[in-house]
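Here is a friendly walk through a two-chain model, written to be read with the structure open beside you. Keep the viewer handy and follow along section by section.

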Amino acid sequence: MVKNSKSSYGWAAIVLHWLMVVGVFFSFGLGLYMVELTYYDTWYRGSLELHKSLGLVLLFVWLIRVAWRLSNESPAMAGTVIEKKAAHTVHTLLYLLMLALMITGYLISTADGRSIEVFSLIEIPAMTSISFENQEDIAGDVHWVIAWSLMLMVALHALAAIKHQLVNKDGTLTKMIRPKAD
Amino acid sequence: MKKTFLTAVTASAIALSSLFSVSAQAADYQIDTKGAHAFVQFKIQHLGYSWLLGRFNTFEGDFSYDQAAPEKSEIEIVIETASIDSNHAERDKHLKGSDFLDVKKFPKAVFKSTGFEVKDDNNAVVTGTFMLHGVKKTISFPVQKIGEGKDPWGGYRAGFEGKTTLKLADYGITYNLGPASANVEIHLYVEGIRK
């Protein structure tokens with residue numbers, strides 16, 4: 001029940017999936033909100049600290065999730081060959097976009113060699129050996145584009161799952177809600 | 001006959017070379033940004049409790065200055081706004097963005113002098129147009145000559161400093177940094193190498 005089976009995801013994959021849903025949506029909203037805050041807003045600094053901390057925690061969760069996914073079987077996909085191919089492509093893109101989003105965020109804040117504090121608990125150092133010219137600007141622009149691309153992919157992914165659940169009635173969504181015994 | 005010709009050639013050669021040396025005497029200087037003997041610094045209050053300092057790393061310029069006729073002095077300096085450096089990447093990113101310098105839209109800040117009012121041997125007031133954030137304004141500020149003379153490597157140098165205070169809102173930069181931070185001081189230190 002913790003591990004995936006042929007017909008359903010296990011608890012580990014389900015919890016990891018929904019943790020990231022919450023984390024990614026919250027970070028996205030926070031990111032849009034915090035850049036609109038002005039200098040004298042109480043949360044001007046705190047919002048950014050939280051965004052950075054959360055991003056690095058999500059990177060950690062991402063690593064665990066990818067490791068779990070690669071070391072575990074995945075339940076069979078419903079749908080036509082093309083649908084399966086599309087679903088697989090979107091899944092891969094979701095993983096890659098999330099990784100790129102976290103990396104570009106990290107590159108903004110570490111552009112000057114500063115480390116990032118994760119909830120004031122641990123410090124993630126900058127990788128000064130990979131720094132480049134105008135790093136914070138380029139990484140910032142890319143971070144923005146990737147964030148919106150990820151949201152687009154998320155929408156596609158969610159709509160497809162809902163369509164399969166409601167139109168095809170093939171249990172695509174429930175697979176990711178509760179494990180099913182084989 | 002031959003001798004006369006030679007004399008003529010020599011004479012004109014001397015005349016010509018002196019003509020060249022006269023033009024070399026023209027007091028045109030290139031600001032030594034290559035050797036980083038020039039600085040565009042800024043200073044602004046933080047919350048009214050302390051100062052924040054930064055600089056523009058990339059700029060170039062020329063000036064002309066002749067001790068014999070200082071009132072004819074001119075200076076032009078072009079600053080790459082994206083080169084702002086306050087020693088903090090996140091802040092620099094914000095300063096380069098649309099809340100402040102908007103460097104994508106306004107990549108250059110330019111000062112071009114229109115007048116030079118001599119006060120004494122080393123002091124003058126320079127007037128000119130300053131374009132920042134797409135806004136052009138006429139400003140005047142005092143400049144001081146620090147010194148001039150031969151350098152140890154065969155060149156000739158002259159150096160000046162100047163300081164002015166700009167109201168950010170005058171240049172359309174209206175982001176609220178608090179009442180103590182409405183103005184920014186610009187400190188200019190330039191050393192020119194005579195061309």
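Strand β8 of chain B and strand β9 (residues 135–150) of chain B run antiparallel and are joined by ten bridges. Strands and helices here are DSSP runs, numbered from the N terminus, with at least two residues (E) for a strand and at least four (H or I) for a helix; two strands pair if DSSP finds at least two bridges between them.

The hairpin of β9(B) and β10(B) has five residues between the strands, and B:Gly154 takes a positive phi near 95 degrees.

## How to read the model

This is a predicted model, in which local features need pLDDT of at least 70 and side-chain atom pairs count only at pLDDT 80 or more, while totals for chains, interfaces and linings use all residues. Residues are numbered from 1 along each chain as its sequence is written, and chains are lettered from A and ligands numbered from 1 in the order in which they are written.

## The nonpolar cores

The largest nonpolar core has 32 residues, and B:Tyr29, B:Ile31, B:Phe63, B:Ile77, B:Ile79 and B:Val190 touch the most other members. A nonpolar core is a set of buried Ala, Val, Leu, Ile, Met, Phe, Trp, Tyr and Cys residues joined through C-beta atoms within 7 Å. A residue is buried if 20 or more other C-beta atoms lie within 10 Å of its own, exposed if 12 or fewer, and partly exposed in between, with C-beta atoms placed from the backbone. Elements giving two or more residues to this core include β1 (28–31), β4 (59–64) and β5 (74–80) of chain B. The largest share, four residues, comes from β8(B).

Leaving aside neighbours within four places in sequence, B:Tyr29 is in contact (C-beta atoms, placed from the backbone, within 7 Å) with residues including B:Phe63, B:Ala158 and B:Ile193. A second, separate core of 14 residues includes A:Val24, A:Met98, A:Leu101 and A:Ala111.

## A look at B:Val110

B:Val110 lies in strand β7 of chain B. Is this residue buried or partly exposed? B:Val110 counts as partly exposed because it has 16 C-beta neighbours inside 10 Å. Beyond four places in sequence, B:Val110 is in contact with B:Val78 and B:Met131.

Chain A has four helices and two strands, running α-α-α-β-β-α from the N terminus on. Its C-alpha atoms fill a box of roughly 55 × 30 × 30 Å, taken along the principal axes. Buried residues make up 19% of the 182 residues in chain A.

The contact between the chains takes ten residues from chain B and ten residues from chain A. On the chain B side, two are nonpolar, four polar and four charged; Ala, Val, Leu, Ile, Met, Phe, Trp, Tyr, Cys and Pro count as nonpolar, Asp, Glu, Lys and Arg as charged, and the others, Gly among them, as polar.

Key
Two residues are in contact if their C-beta atoms, placed from the backbone, lie within 7 Å.
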